Each structure stands twice: as C-alpha cells, then as structure tokens.
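Hi everyone, thanks for coming.

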Amino acid sequence: MMNRKGVYFLLFTFNFLLLFLSCSRMPNVQGKGETFLQGVWNQDSITNQAQLQNYTQHHFKFTCDSFYVDFTTHAKVNYYEEDCFNNGVWKEHAKGTYQVRNDTLILVGNFTKENYKQKVSGCYRNGQYVSSFKVNSWSAEKLELENLSNQTELKLNLKEKITCVQKAL
C-alpha cells in the first residue's frame with residue numbers, strides 16, 4: 001500500500017504530464033490568410049450616395065492574415081463636436097486580423113491613428129473594431145461584401161494584388 005506522499009507525487013506527476021502533453025506550440029509566423037483576398041481593394045462609389053444623409057467608403061488592404069482599413073465618412077448631419085465634424089468629411093483607420101468562415105469575413109482589430117498605431121482617444125471611434133461581412137461574390141478584380149450589422153453593400157475593386165510573405169511574430 002502506498003503512503004500519502006507517494007499518492008500525491010503520482011497525482012502531481014500525472015497532472016503535470018497531462019498538462020504538458022495537452023499543450024501545442026503555435027507557430028512563430030503569421031497565418032497565410034485567404035488567397036482571394038490578398039491585395040488592396042477600394043470602394044470607388046456608393047449607390048445613391050447623393051440621396052443618403054451619411055455614407056462611408058472603405059479602402060481595404062489584406063496581407064496574409066492581417067487587414068488594414070481606411071474609412072472615409074461623408075455626413076450631412078453633424079453628430080460630433082464642431083472640431084471633429086470637419087465639414088462633413090472625415091477619415092478613420094483600423095487594423096487587425098481576419099478569418100473567413102464559410103461565406104463570412106470576420107474582422108477583429110482596433111481603431112488606429114493614420115499611421116496604424118493604436119488610438120486611445122480623439123474624434124470619432126476608438127477601441128476595438130469588430131465587423132462581419134457576408135461574401136456575396138468575388139472574382140480576380142471584384143469583391144462584393146454585405147455588412148452584417150447594417151446590411152449595406154460594399155462593391156470593391158482590386159487596385160493592387162499582394163502575395164503573402166509571412167512574417168515572424
């Protein structure tokens with residue numbers, strides 16, 4: 001019969017081995033992302049933009065598993081302080097990583113300054129940026145997305161193709 005110390009030692013060893021064997025080391029390089037998205041995509045125009053009270057044009061850059069997005073918002077109504085309203089036209093920026101699950105593009109990142117460094121305060125939005133889009137269609141030169149939070153359609157045109165070169169994390 002085993003004494004108490006022996007039982008505790010066996011339990012500790014078993015738990016340690018279980019913990020050690022259940023962990024898997026993640027690779028030290030960024031993911032490859034989706035080949036069809038790699039590149040710079042621009043929303044050149046918006047349907048019925050003259051009739052809208054406000055609208056936002058998107059400029060995306062997808063490289064490997066990362067995204068960078070610039071938003072240019074046009075508004076006829078001021079929702080911000082006068083210093084921020086900028087005569088109804090302003091830019092915002094975000095960066096992060098993305099995933100494609102079935103027909104859904106999921107972007108998770110943070111709002112940034114123009115140089116894509118973290119933004120903690122200032123005009124417009126700051127903090128976490130999370131957005132989901134349904135991928136309606138894509139070809140070598142065109143990408144059509146539907147924003148799942150407000151059902152707006154984004155018709156994007158490829159401006160520059162990018163080949164993923166994975167970088168160390």
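Glycine 109 has tyrosine 129 in strand 6 as its bridge partner. Strands here are DSSP E runs of at least two residues, helices are H or I runs of at least four, and both are numbered from the N terminus. Two strands pair if DSSP finds at least two bridges between them. Strand 5 (residues 104–112) and strand 6 (residues 128–138) run antiparallel, joined by seven bridges.

A quick word on the source: this is a predicted model, where local features need pLDDT of at least 70, side-chain atom pairs count only at pLDDT 80 or more, and totals for chains, interfaces and linings use all residues. Residues are numbered from 1 along each chain as its sequence is written, and side-chain values use heavy atoms, leaving out hydrogens and water.

On to strand 7 (residues 142–147), which pairs with strand 6 through five antiparallel bridges. The two make a hairpin with three residues between them, and phenylalanine 133 sits opposite asparagine 147.

Now, how many disulfides are there? Counting cysteine sulfur pairs within 2.5 Å, we get two. In one, the sulfur atoms of cysteine 84 and cysteine 123 are 1.9 Å apart.

Cysteine 84 is buried at 7% relative accessible area, while cysteine 123, at 26%, is partly exposed; buried means under 20%, exposed over 50%, partly exposed in between, with a 1.4 Å probe and protein chains only.
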